Amino acid sequence: MRVLGLGRLAVLTIAATATVAVASEDPRIRIDLPPDVRETFLEHMRTHMTSLDEVLQLVGSGRLREAGALARKEMAIGQGLGIGRHMPPEFREMGFAFHRAADDFAKVTATVADPPDAAAWKALVAGLAAITTQCAGCHGAFRVR
Ligand code: HEC
């Protein structure tokens, strides 16, 4: 029992050390935004999470055309919030790539067999993965303050 307890302590210590190391060497590029712009930006980001979820729910229940329409409306088209002009060019590039991926996915939903056969499922999942790759890529590269 005693040995087990020490083992657990060691694991906790390692975990804590790792967390501190990550926090102090954050490799992401920091973008400083005016507080109200940052607030709007993060709020907008949270809608991306909800939209992605809704798109997945629709695909899962076989409502492909609706999934595509939602992806296009919520993720492929800029929402005109005026955030882009506060962002560095590299960020904007990744933003465009994200919008394009969502638009490509919408095109896939409009052209695959409905109900989907095996090839259609593969194309749909690949299209979704192309979107989430953009989320993950940008999150790995940037942070805002
Ligand atoms: C072009 C860059 C970019 C893309 C693409 C992108 N994000 Fe973000 N997102 C960010 C940045 C930058 C932050 C702030 C991270 C930080 O400061 O730690 C963020 C934050 C978030 C947050 C946290 C919001 C909060 O209130 O703190 C969520 C949720 C989120 N993104 C979801 C998504 C999802 C889902 C996608 C894809 C469907 C996505 N994002 C695509 C750049 C991006």
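I count Ala, Val, Leu, Ile, Met, Phe, Trp, Tyr, Cys and Pro as nonpolar, Asp, Glu, Lys and Arg as charged, and the others, Gly among them, as polar. The model I examined is predicted.

**Entry 1: ligand shell.** The shell holds 18 residues, of which Met45, Phe98, Cys135, Cys138 and Arg143 come nearest to the ligand. I then looked up which elements supply the shell: helix H2 (35-60), H4, H5 and strand S2 (142-144) each give at least two residues. H2 gives the most, with six residues.

**Entry 2: overall layout.** I found five helices and two strands in the protein chain. Read from the N terminus, the order of elements is α-β-α-α-α-α-β. I noted that 14% of the 145 residues in the chain are buried. Among contacts with a separation of 6 or more, 71% are between residues 24 or more positions apart.

**Entry 3: H4 against H5.** I checked how helix H4 (residues 89-111) packs on helix H5 (residues 118-141) and found an angle of about 170°, with the axes 9 Å apart. The two helices are therefore roughly antiparallel to each other. On the H4 side, the residues in contact include Met94, Phe98, Ala101, Phe105 and Val108, and on the H5 side they include Leu124, Leu128, Ile131, Gln134 and Cys138. By class I recorded 14 nonpolar, four polar and one charged residue in this contact. Phe98 and Cys138 belong to the contact, and I had already listed both among the residues nearest to the ligand.

**Entry 4: H5 by itself.** I compared the length of H5 with expectation: at 1.5 Å a residue, its 24 residues should span 34 Å, and the end C-alpha atoms are 35 Å apart, which agrees. Within H5, I found Gly127, Leu128, Ile131 and Gln134 buried. Helix H3 (64-76) and H4 are among what covers the buried residues of H5. I kept in mind that an α-helix has 3.6 residues a turn, so residues three or four places apart point the same way.

**Entry 5: Ala130.** I next looked at Ala130, which lies in helix H5. Is Ala130 buried or partly exposed? I counted 17 C-beta neighbours inside 10 Å, so Ala130 is partly exposed, since burial requires 20 or more. Leaving out residues up to four places away in sequence, Ala130 touches Ala101, Asp104 and Phe105. I also noted that Ala130 and Ala102 are 28 residues apart in sequence, with a C-alpha to C-alpha distance of 8.1 Å.

Terms used:
Residues are numbered from 1 along each chain as its sequence is written. This is a predicted model: local features need pLDDT of at least 70, side-chain atom pairs count only at pLDDT 80 or more; totals for chains, interfaces and linings use all residues. Axes are lines fitted to C-alpha atoms, for helices over the stretch in contact, and angles run from 0 to 180 degrees between N-to-C directions. Helices (H or I, at least four residues) and strands (E, at least two) are DSSP runs, numbered from the N terminus. Angles under 35 degrees count as roughly parallel, over 145 as roughly antiparallel, 65 to 115 as roughly perpendicular and the rest as oblique. Two residues are in contact if their C-beta atoms, placed from the backbone, lie within 7 Å. A residue is near a molecule or strand if its C-beta atom, placed from the backbone, lies within 6 Å of it. The expected span of a helix is 1.5 Å times one less than its number of residues. A residue is buried if 20 or more other C-beta atoms lie within 10 Å of its own, exposed if 12 or fewer, and partly exposed in between; C-beta atoms are placed from the backbone.
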